[in-house]
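Here are my notes for you on this model. Keep the 3D view open while you read them.

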Amino acid sequence: MGGLRRREEVCLAAAMLLALGAGGCLAGDGGEKERAEVPEAVSAVHAGVRYEAVIWGRARGLAQNGGYVVAVDAKTGKELWLVQVYAAAADDGKESDKRDVFITELKFEADGRHLRVTNERGATFRVDTRTRKVTLQRS
């Protein structure tokens, strides 16, 4: 009978943990914590165009959250173009919010043509704002 009682105690403890929102270690995700925070959207303005990091891409019908830059006319607010800077990791069994990688910095180079994009993992990309060609600078 002792084994049955122990199993009931374990099930009760697991139910309590789930009710308190601490189910990560029980859900089979390796005990990973929830994402601490999502970075604020960053932007840079040059020659009347505002370049913005797109945070919630899926809400716009895009393939992923993060990894996109949109160019917007600073006066009219009209979207001029959108470019995917990098692709999110393939579905590796992690929850989608743990696969999201967001842009943390947008900064123009001295030539005023190339936008340097840095993500939260430290990877840096260069976007040619005329051709929209993206090159990896540092991973």
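Which residues of the largest nonpolar core touch the most other members?

1. **The core.** The largest nonpolar core has 20 residues. Tyr51, Val69, Val85, Ile103, Leu106, Leu115 and Val117 touch the most other members. A nonpolar core here is a set of buried Ala, Val, Leu, Ile, Met, Phe, Trp, Tyr and Cys residues joined through side-chain atoms within 4.5 Å. Buried means under 20% relative accessible area, exposed over 50%, and partly exposed in between (1.4 Å probe, protein chains only). The elements that give two or more residues to this core are E2, strand E3 (68-73), E4, E5, E6 and E7. Strands (E, at least two residues) and helices (H or I, at least four) are DSSP runs, numbered from the N terminus. In soluble globular proteins, nonpolar side chains tend to be buried together.

2. **Ground rules.** This is a predicted model: local features need pLDDT of at least 70, side-chain atom pairs count only at pLDDT 80 or more, and totals for chains, interfaces and linings use all residues. Residues are numbered from 1 along each chain as its sequence is written, and side-chain values use heavy atoms, with hydrogens and water left out.

3. **Aromatic pairs.** The count comes to four aromatic pairs. Rings of Phe, Tyr and Trp (its six-membered ring) pair if their centres lie within 6.5 Å; planes under 30 degrees apart count as stacked, over 60 as edge-to-face and the rest as tilted. Tyr51 and Trp81 make a tilted pair, with 5.9 Å centre to centre and 55 degrees between the planes. This pair links distant parts of the chain: Tyr51 is in strand E2 (residues 49-54) and Trp81 is in strand E4 (residues 79-84), 30 residues apart. Tyr51 counts as buried because its relative accessibility is 6%. Trp81 counts as buried at 11%.

4. Tyr51 and Phe108 form an edge-to-face pair, 5.2 Å centre to centre and 65 degrees between the planes. Tyr51 lies in strand E2 and Phe108 in strand E5 (residues 103-108), so the pair ties together parts that are 57 residues apart in sequence. Both Tyr51 and Phe108 are buried. Tyr51, Trp81 and Phe108 form one aromatic cluster.

5. **The open sheet.** Four strands form an open sheet in the order E5-E6-E7-E8, with antiparallel pairing. Two strands pair if DSSP finds at least two bridges between them. The edge strands are E5 and strand E8 (134-138), and each pairs on one side only. Five bridges join E5 to strand E6 (residues 114-119). Leu106 stands opposite Val117 in E6. Four bridges join strand E7 (residues 124-128) to E8. Arg126 has Thr135 in E8 as its bridge partner.

6. **Two hairpins.** E7 and E8 form a hairpin with five residues between them, and Arg132 in the turn has a positive phi of about 65 degrees. E3 and E4 also form a hairpin, with five residues between them; Gly77 in its turn has a positive phi of about 80 degrees. Five antiparallel bridges pair E3 with E4. Val69 has Val83 in E4 as its bridge partner.
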